[in-house]
Amino acid sequence: MAKNLTEVDFEGFKFKFDADCVDDMEFLELTDAVQNGGDVTKYPALIKSLLGEDTYKEACEYFKKKYGKFSATKCSEMF
């Protein structure tokens, strides 16, 4: 299945993600849990589903090196 890749350059971290991933029931459930349920513990899973496991790990490493941690605030600014 073809992907609808969107390219992003955020503070020097370059990545692509499939914009069609939001058309997924699990993604929507995670989004609802975070936004409406206030369950911030679902936030990492939500971001992993958007970026993919490998890109998520790369982002963690990049921002840990740059800022000492990959904060939820910094992560939310990516999108």
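What covers the buried residues of α2? The cover includes β2, α1 (25-35), α3 and α4. The model is predicted, and the chain averages a pLDDT of 90.

**Confidence**

- A pLDDT of at least 70 is reached by 97% of the residues.
- Helix α3 (residues 53-67) has the highest confidence in the chain, at a mean of 95.
- Confidence is lowest in helix α4 (residues 72-77), where the mean is 86.
- Where pLDDT is low, predicted coordinates should not be read in detail.

**Helix α2**

- Helix α2 spans residues 43-51, and its buried residues are Tyr43, Leu46, Ile47, Leu50 and Leu51.
- Viewed down the axis of α2, these buried residues fall within an arc of 120°, so they line one face of the helix.
- Among the elements covering the buried residues of α2 are strand β2 and helix α4.
- Glycine 52 follows α2 and has a positive phi, near 95°.

**Aspartate 18**

- Aspartate 18 is part of strand β2, which runs over residues 13-18.
- Its relative accessibility is 18%; aspartate 18 therefore counts as buried, the cut-off being under 20%.
- The side chain of aspartate 18 reaches two backbone nitrogens: that of asparagine 4 at 3.1 Å, and that of aspartate 20, which lies 3.0 Å from a polar atom of this side chain.
- With neighbours within four places in sequence left aside, aspartate 18 is in contact with Lys3, Asn4, Leu5 and Leu50.
- Of these, Asn4 also provides the backbone nitrogen at 3.1 Å, and Leu50 is one of the buried residues of α2.

**Glutamate 11**

- Glutamate 11 sits in the loop between β1 (5-10) and β2.
- Glutamate 11 counts as partly exposed because its relative accessibility is 29%, between the cut-offs of 20% and 50%.
- Not counting residues up to four places away in sequence, glutamate 11 touches Tyr62, Phe63, Lys66, Tyr67, Lys74 and Glu77.
- The side chains of glutamate 11 and tyrosine 67 are joined by a polar contact of 2.3 Å.
- Methionine 78 is 67 residues away from glutamate 11 in sequence, yet the C-alpha to C-alpha separation in space is 8.8 Å.

Methods
Residues numbered from 1 in each chain as written. Predicted model: local features only at pLDDT ≥ 70, side-chain atom pairs only at ≥ 80, totals over all residues. Heavy atoms only, no water. Helix = DSSP H or I, 4+ residues; strand = E, 2+ residues; numbered from the N terminus. Buried < 20%, exposed > 50% of the residue type's maximum accessible area, 1.4 Å probe, protein only. Polar contact = N/O pair within 3.5 Å; in protein donor to acceptor, adjacent residues only side chain to side chain. Contact = heavy atoms within 4.5 Å. pLDDT = per-residue confidence, 0-100. Arc of directions from axis to C-beta.
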